[in-house]
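Here are some notes for a first reading of this entry. They take the ligand site and then one of the sheets.

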Amino acid sequence: MRTKIDNTFGIEAEALAFVSYSSEAALREELVRIHEQYAGLPILHVGCCSNLLFLDDFEGIVLRSAIKGFRLTAETDDEVLVEVGSGEICDDFIAEAISRGWYGMENLSLIPGQVGAAAVQNIGAYGVEACDVIEEVRGISLSDGQERTWKRADCGYGYRKSIFKEELWCKYAITRVTFRLSKHFVPKLQYGGLLKAVGQAGLSEGSITAAQLRQVIIDIRRAKLPDPSVMGNAGSFFKNPVVSTEKAGQLLSAFPDMPHYPAEGGGTKLAAGWLIEQAGWKGKSLGPAAVHDRQALVLVNKGGASGRDVMKLCNAIRKDVADRFGIELEPEVNVIGSLLHRDEAIASSR
Ligand code: EPU
């Protein structure tokens, strides 16, 4: 039965069917049924649809994990390994972990989405990425129901990157994620502005608790990022681009104030929000889609925007940033066409 796909961008989109499962066995049963009833049609696995942009109705089946709960699988004096159901809300698990004295995920507080999606997207914020605390990921093949486990080193993790987003895209349902968390809290405050925000909250690096750091992060995010229940959005729309050191040097001689950071794996990471703001787009609209006025990296649905309206804005920004700085911005959100792979969907919207 055609079903509306709720998504944080607030874009109207339907799927042929929406299927939720709460255990591996239930998923396997659903997959058998889906392959019988909808043979050959694409299957899209989603979490909370907080990092997706639908260009059209999705002429396939949307799957979502409702595998809940967590269990300790190993414990030492210093660390725990905790296996978490992919359908848990990531931020709820972070709060729970902090209350139990398991640390390492504080800086990821308030990022929307499920635990499974966190492992696919390698979510990151304030100097921490999911892959810093992921030990292993379990999933089930959407084609034959076989289970597979990937150790962290096999997940192809990089900045907002994993094999689950690339060669395994739409091939597996992530069912469980095991995190390696520390029993000793060491605040990570190196990310630009975080130490200052801690000071402004009347706290210090030497005495801050994990719960206090979580609250500082939550307050920063609430101040900068639009609440999707008020204004549709999917967080950062673009990735921060990584350019060669030479290219960064050229830009820095023309724009000495340009934010830049060494990128892991070489090159220099630039701030897409800054590039978009300099290109004059911050707070600007194109039809019913707009660039958020407090964070230019976030595109918003002012009401009634279609996925194609948002892509028109995306493409206008990409063109202006390319013309001005010679940099190709790449979407961070997953763009979904009716039947297509996301790169083809992006290409088709140009
Ligand atoms: N900046 C501007 N103008 C803007 C926005 C940012 O000049 O409109 C500048 C800032 O002044 C700063 C730099 O750009 O010098 C970086 O800005 P910020 O710290 O706000 O972070 P970001 O690079 O814009 C990234 C992540 C966010 C994450 C924050 C904090 C990506 C694509 N985005 O944003 O992640 O919360 O860092 O770590 O890497 C998300 O992925 O959805 C997301 C929100």
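How do the residues of the shell around the ligand divide into nonpolar, polar and charged?

1. The model is predicted. In it, the shell around the ligand consists of 11 nonpolar, six polar and six charged residues. In total, 23 residues surround the ligand, and the closest are Tyr 126, Tyr 159, Arg 160, Asn 240 and Glu 277.

2. Arg 160 has a polar side-chain atom 2.7 Å from a ligand oxygen, and for a polar side-chain atom of Arg 221 the distance to a ligand oxygen is 3.3 Å. At Ala 296 a backbone N or O atom lies 2.8 Å from an oxygen atom of the ligand. The protein buries 82% of the 820 Å² that the ligand exposes when taken alone.

3. Two or more shell residues come from each of β8 (124–125), α5 (210–224), β13 and α7 (272–278). Of these, α7 gives the largest share, three residues.

4. Strand β13, which contributes to the shell, also belongs to an open sheet of four strands in the order β13-β19-β18-β17, paired antiparallel. The edge strands, β13 (232–236) and β17 (285–286), each pair on one side only.

5. The partner of β13 is β19 (residues 298–301), joined to it over three bridges in the antiparallel sense. Within this pair, Val 298 of β19 stands opposite Ser 236.

Key. Residues numbered from 1 in each chain as written. Predicted model: local features only at pLDDT ≥ 70, side-chain atom pairs only at ≥ 80, totals over all residues. Heavy atoms only, no water. Pairing = 2+ DSSP bridges. Near = heavy atom within 4 Å. Polar contact = N/O pair within 3.5 Å; in protein donor to acceptor, adjacent residues only side chain to side chain. Areas by Shrake-Rupley, 256 points an atom, 1.4 Å probe, with all protein chains shown as cover. Nonpolar A, V, L, I, M, F, W, Y, C, P; charged D, E, K, R; others polar.
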